[in-house]
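Me: I would like to learn how to read a protein model, one feature at a time. Could you take me through one?

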Amino acid sequence: MPRARSATAALLRGRCPRCREGRIFASLVRMAPACAVCGADFEREQGYFLGAMYFSYGFGVALLAAPVAVLIFADVDMRVTVGASALFLLVAAPWLFRWSRIVWLHFDHRFDPLPDRAARKLTAEDAREPARTRT
Ligand SMILES: [Zn+2]
């Protein structure tokens, strides 16, 4: 399996952290369940993307900090500042969703590499096997 791209290039292009080729997102907000190239399982378990919320929060704060500071120092009405911030976050939500998940996948893959989707199914079936034999 070729690894032509660097990890940073794969992250910036929204590619699989394992093979760096397959697309993580099929459209702006629709994720692929697994990598089409190497079969890496993108959603390891239920609630796996909870960690992406931390990145989403951080990106939202980072994007809003400077504009909000400018509005506050320009003595703009606080209701306008809060309204503009809320509107901005509403418009930016699809991109925050997408990039927080991409960064989370790459971050998590660094510490705990993504399993293969087929291997995970086998493991889940193996785990159920003893329960079936007992009944
Ligand atoms: Zn892949």
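Me: What share of the residues counts as buried?

Reply: Of the 135 residues, 16% count as buried. As for contacts, take those with a separation of 6 or more: residues 24 or more positions apart account for 52% of them.

Me: How should I treat the confidence values, and where does pLDDT stay under 50?

Reply: Where pLDDT is low, the predicted coordinates should not be read in detail. The mean pLDDT of this protein is 87, and 83% of its residues reach 70 or more. Over residues 131-135 the value stays under 50, and for that stretch the model has zero contacts beyond four places in sequence.

Me: Now the helices. How far does α2 reach from its first C-alpha to its last?

Reply: The idea is to compare the end-to-end distance with the one expected at 1.5 Å a residue. α2 has 24 residues and reaches 35 Å, close to the expected 34 Å.

Me: Which residues of α3 are buried, and what do they pack against?

Reply: An α-helix has 3.6 residues a turn, so residues three or four places apart point the same way. In α3 the buried residues are R98, S100, R101, I102, L105 and H106. These buried residues pack against α1 and α2.

Me: L89 is also in α3. Is L89 buried, partly exposed or exposed?

Reply: Count the neighbours: 20 or more other C-beta atoms within 10 Å make a residue buried, 12 or fewer make it exposed, and anything in between is partly exposed. L89 has 13, so it is partly exposed. Its C-alpha atom is 9.8 Å from that of V61, which is 28 residues away along the chain.

Me: Which residues make up the largest nonpolar core?

Reply: It has ten residues: A10, L11, C16, I24, C35, A40, F42, I102, L105 and L114. The elements that give two or more residues to this core are α1, residues 7-12, and α3, residues 78-111.

Me: Take A40 from that core. What is A40 in contact with, beyond its neighbours within four places in sequence?

Reply: A40 is in contact with C16, R18, C19, A34, C35, L114 and D116. G39 counts as partly exposed because it has 18 C-beta neighbours inside 10 Å. G39 and C19 are 20 residues apart in sequence but 9.2 Å apart in space, C-alpha to C-alpha.

Me: Last, the backbone angles. What is phi of R20?

Reply: Most residues other than glycine have a negative phi. R20 has a positive phi near 65 degrees. R20 lies in the loop between α1 and α2, and it is buried because 22 other C-beta atoms are within 10 Å.

Me: What is phi of D75, and is D75 buried or exposed?

Reply: D75 is not a glycine, yet its phi is positive, about 60 degrees. D75 follows α2 and lies in the loop between α2 and α3. With 7 C-beta neighbours inside 10 Å, D75 counts as exposed.

How values were computed. Residues are numbered from 1 along each chain as its sequence is written. This is a predicted model: local features need pLDDT of at least 70, side-chain atom pairs count only at pLDDT 80 or more; totals for chains, interfaces and linings use all residues. A nonpolar core is a set of buried Ala, Val, Leu, Ile, Met, Phe, Trp, Tyr and Cys residues joined through C-beta atoms within 7 Å. Helices (H or I, at least four residues) and strands (E, at least two) are DSSP runs, numbered from the N terminus. Two residues are in contact if their C-beta atoms, placed from the backbone, lie within 7 Å. pLDDT is the predictor's confidence in each residue, from 0 to 100. The expected span of a helix is 1.5 Å times one less than its number of residues.
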